[in-house]
Amino acid sequence: RAAELGMAAVDVRSVDHSDGSGAVAVRAWAAGGVTGVVAYDDDVAAVVVGAAVRAGLRVPGDLAVIGHDDSPMASLFVPSLSSIRMATAEAGRYLAAMALHEADGRPLPSARLTMDTRVVARESTLG
């Protein structure tokens with residue numbers, strides 16, 4: 001999809017808190033000129049930020065990082081983590097109603113799913 005948008009290929013890497021893969025990924029990204037990371041969730045974002053700081057990179061000056069799910073930890077981490085907040089409870093209820101409709105013919109949800117999604121900007125992306 002990146003190529004369709006005229007962007008360079010996206011460098012996707014698995015990062016885990018327990019195996020040093022965060023440090024390996026951050027070093028590779030820095031060497032490749034990557035200046036921003038979109039993490040799977042806030043836990044992975046925290047691993048990336050920690051590895052970046054340990055490698056001597058400035059967050060967000062050298063590497064901006066954003067997570068997903070806006071966990072309570074995101075605002076407590078230093079630097080605090082920018083994150084994507086979504087109305088997951090709303091989505092869960094909607095998808096459960098759809099599943100029950102398919103499983104046993106219960107009525108379809110009365111409204112369309114509208115995901116209230118927003119960026120919660122914090123220190124990890126604010127320069």
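This is a predicted model: local features need pLDDT of at least 70, side-chain atom pairs count only at pLDDT 80 or more; totals for chains, interfaces and linings use all residues.
In which loop is D69 found? D69 is found in the loop between β2 and α3, and D70 is found in that loop as well, between β2 and α3.

- An open sheet of 4 strands runs in the order β1-β2-β3-β4, and its pairing is mixed.
- The edge strands of this sheet are β1 and β4, the latter covering residues 117-120, and each of these two pairs on one side only.
- Averaged over the sheet, neighbouring strands are turned by 15° against each other, when direction is ignored.
- Helix α2 packs on the sheet, where it touches β1, β2 and β3, and its direction makes about 160° with that of β2.
- Strands β3 and β4 run antiparallel and are joined by 4 bridges; within β4, T117 is the bridge partner of M86.

**Helix α2 and its surroundings**

- Helix α2 has 13 residues and reaches 18 Å from its first C-alpha to its last, which is close to the 18 Å expected at 1.5 Å a residue.
- At the start of α2, a side-chain oxygen of D41 comes to within 3.2 Å of the backbone nitrogen of D43, and just after the helix G56 takes a positive phi of about 85°.
- The buried residues in α2 are D42, V44, A45, A46, V48, V49, G50, A51 and A52.
- The elements that cover these buried residues of α2 include α1, β1 (36-38), β2 (64-68), α3 (72-76) and β3 (82-86).

**The largest nonpolar core**

- The largest nonpolar core holds 18 residues, and among them W29, V48 and V65 touch the most other members.
- Helices α1 and α2 (42-54) each supply at least two residues of this core, and the largest share, 7 residues, comes from α2.
- In soluble globular proteins, nonpolar side chains tend to be buried together.
- Leaving out residues up to four places away in sequence, W29 touches D11, R13, V15, V34, V37 and V48.

- Residue A23 lies in helix α1, which covers residues 21-31, and A23 counts as partly exposed because its relative accessible area is 28%, between the limits of 20% and 50%.
- From C-alpha to C-alpha, A23 and T117 are 30 Å apart in space, and they are 94 residues apart in sequence.
- Helix α4 is followed by G105, whose phi is positive and near 75°.

**Cis peptide bonds**

- Most residues other than glycine have a negative phi, and most peptide bonds are trans.
- The peptide bond from V59 to P60 is cis, with omega near 15°, and P60 is found in the loop between α2 and β2.
- V78 and P79 are also joined by a cis peptide bond, for which omega is about -5°, and P79 is placed in the loop between α3 and β3.

- D69 counts as partly exposed because its relative accessibility is 39%, whereas D70 is buried, with a relative accessible area of 12%, because buried means under 20%.
- The side chain of D70 makes a polar contact with the side chain of R85, at 2.4 Å.
- Not counting residues up to four places away in sequence, D70 touches D42, S83, I84, R85, V120 and R122; of these, D42 is one of the buried residues in α2.

Notes
Residues are numbered from 1 along each chain as its sequence is written. Side-chain values use heavy atoms; hydrogens and water are left out. Buried means under 20% relative accessible area, exposed over 50%, partly exposed in between (1.4 Å probe, protein chains only). A nonpolar core is a set of buried Ala, Val, Leu, Ile, Met, Phe, Trp, Tyr and Cys residues joined through side-chain atoms within 4.5 Å. Contact means heavy atoms within 4.5 Å. The expected span of a helix is 1.5 Å times one less than its number of residues. A polar contact is a pair of N or O atoms within 3.5 Å; within protein, one must be able to donate a hydrogen and the other to accept it, and residues adjacent in sequence count only if both atoms are side-chain atoms. Two strands pair if DSSP finds at least two bridges between them. Axes are lines fitted to C-alpha atoms, for helices over the stretch in contact, and angles run from 0 to 180 degrees between N-to-C directions.
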